[in-house]
Amino acid sequence: MNCKTCEYPLWNLATRQCPECGAPFKPSDFEFALNAVRFCCLQCRQPYYGTGGKGHLVPLAFACVRCGASCDMDSMILLPTEGVKESQTKADEMPWLVRAKTGRLKAWFATMGRAMADPGRLIELVPENRSASEAIWYAVITNMVFLTTSLCVFFLPGMFLPMLRGASTGVRIAFTVAGAGALLILLPLVVVLLWGALSHLVLHVTGGTKQPIARTFHAIGYSAGTNVLLGIPCVFFLAPIVIIWWVITAGIMLHRVHSLRAWRSVTAVAVPPLLLITASAGLIFLTVSSSRSARLARARAVVAGGATNSTVSTNLGTLAGALAASQPRTPADWPEHGLLLLAEQNVLPAHFFAPGSSNSQLTAELTIETIALMDTSQLRAVGKHAAALLPPRVIAHRVGDMVFTYHGFNPGGADAADFWVLVEAPEDAAENSPVRVVRTDGVPYLVTAPSWTQAVEEQNALRISLDLPPIPDPRRVTYREPAVAP
Ligand SMILES: [Zn+2]
Ligand SMILES: [Zn+2]
């Protein structure tokens, strides 16, 4: 028990003023280790031992058992218990909360050590009225230190960011440090805030708690010292152990501060990390696959749209979907050759044929059989080769039963929804059979035989209005003779 002003020891005094500096004091302003201090009767010096909370007397006022004088803890003479050193009378303290006295570094290491050795006792030492933000910042700083040592080797390449090309070394270093710093503070801060808030929400939902949310943040925050393994550079495989250890420690602390049943502590503390991990994994997965899934979804939508019309061939729908999925925006974006669609997801050689077709000839050189066993890169090579064989002024070319008529068309240009990009036109089809065409909206539709000639004429009128040469009847476009501009 030292004077709070001048550190002078205040043992064995009947006065309530510091002999050194004159500051008044009360024993009840101090905390002592249990039984470490004897409080002596002013009259007869009968000792009483501090067995209550904070090492105080219970009760605080009573009649002396020996002399009968009325004793009051704050007026008694204090001495260390026999055999107890002065330094041992101090109450157990939460190291981080007394950092002003011990120094931050020492307090930080001590808090970390105690979180690992005895988390329950450590959190008991945090008074209920301490702020949540203090615990949050402890966790942020602690994780920041560990993350920094763990990731420092990865920050160096940041200095060579392309955007910094030409900048001076000083600017590069400043940029790297600022960027890394922001990340290293923000990441732990977001994690701790989310975790604490969600844990408290879980407690609320599973039966509530009388303790304020600050208590939950104490548990989450002061358990962060167990992340010390994270501080080992590059040892990322330890990350799962670190996370599990932190969760367990936080659970023990939560259990202690809220006096919960075990299953509630476990649920409250484990659900948020599971959610966070699932959410971030999901986010990464979505980011990676979004463009692909969006394309697939569009392709499927086109097929589904076509399927509502029973007269529409699903093969044509699949090709239309693959074309739409390649997202052409300029005339140059169309596949150089229809065969290149084979390199797309979901497109099979059989899709280039009308339903029920006995044809298996894809191009003049290729049949379904010759390409059946090719992998994607071989199929792409075959497609490129076929594209190279097309005449320079090609306006329509055939693959299997399909004739591609998109050459030169600007999909990003003026509204031309009726433009044909693809026609299902088997070479050997009967004159009176209907023809299926795909327009720019990706939806296949059917043209009946009587209106076919007129449909081709209208299509050519549209093409001329778009500055494109007219096409012959797509059924007359052969493997060997793609249609060319006149
Ligand atoms: Zn003093
Ligand atoms: Zn007495």
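The average pLDDT of the protein is 85, and 92% of the residues reach at least 70. One stretch to treat with care is residues 298-311, where the pLDDT falls below 50, although the model gives this stretch 29 contacts beyond near neighbours in sequence. Where pLDDT is low, the predicted coordinates should not be read in detail.

**Nonpolar cores**
- The largest nonpolar core holds 41 residues, and Leu 319, Leu 323, Leu 339, Leu 341, Val 421 and Leu 422 have the most contacts inside it.
- Elements that each supply at least two residues of this core include helix 11 (376-389), strand 6 (394-399) and strand 8 (420-424).
- Helix 9 gives the most to this core, with 7 residues.
- Leaving aside residues up to four places away in sequence, Leu 341 touches Leu 319, Ala 322, Leu 323, Pro 335 and Val 347.
- A second, separate core has 35 residues, among them Met 94, Trp 195, Phe 217 and Val 242.

**Helix 5**
- Helix 5 (residues 169-205) has 37 residues, so at 1.5 Å a residue it should span 54 Å, and this agrees with the 53 Å between its end C-alpha atoms.
- Buried residues of helix 5 include Leu 184, Pro 188, Trp 195 and His 200.

**The hairpin of strands 9 and 10**
- Strand 9 (residues 435-439) and strand 10 (residues 444-447) run antiparallel, joined by 4 bridges.
- Val 437 sits opposite Tyr 445 in strand 10.
- Between the two strands lie 4 residues, and Gly 442 in this hairpin takes a positive phi near 85 degrees.

Conventions. Residues are numbered from 1 along each chain as its sequence is written. Chains are lettered from A and ligands numbered from 1 in the order in which they are written. This is a predicted model: local features need pLDDT of at least 70, side-chain atom pairs count only at pLDDT 80 or more; totals for chains, interfaces and linings use all residues. pLDDT is the predictor's confidence in each residue, from 0 to 100. Two residues are in contact if their C-beta atoms, placed from the backbone, lie within 7 Å. Two strands pair if DSSP finds at least two bridges between them. The expected span of a helix is 1.5 Å times one less than its number of residues. A residue is buried if 20 or more other C-beta atoms lie within 10 Å of its own, exposed if 12 or fewer, and partly exposed in between; C-beta atoms are placed from the backbone. A nonpolar core is a set of buried Ala, Val, Leu, Ile, Met, Phe, Trp, Tyr and Cys residues joined through C-beta atoms within 7 Å.
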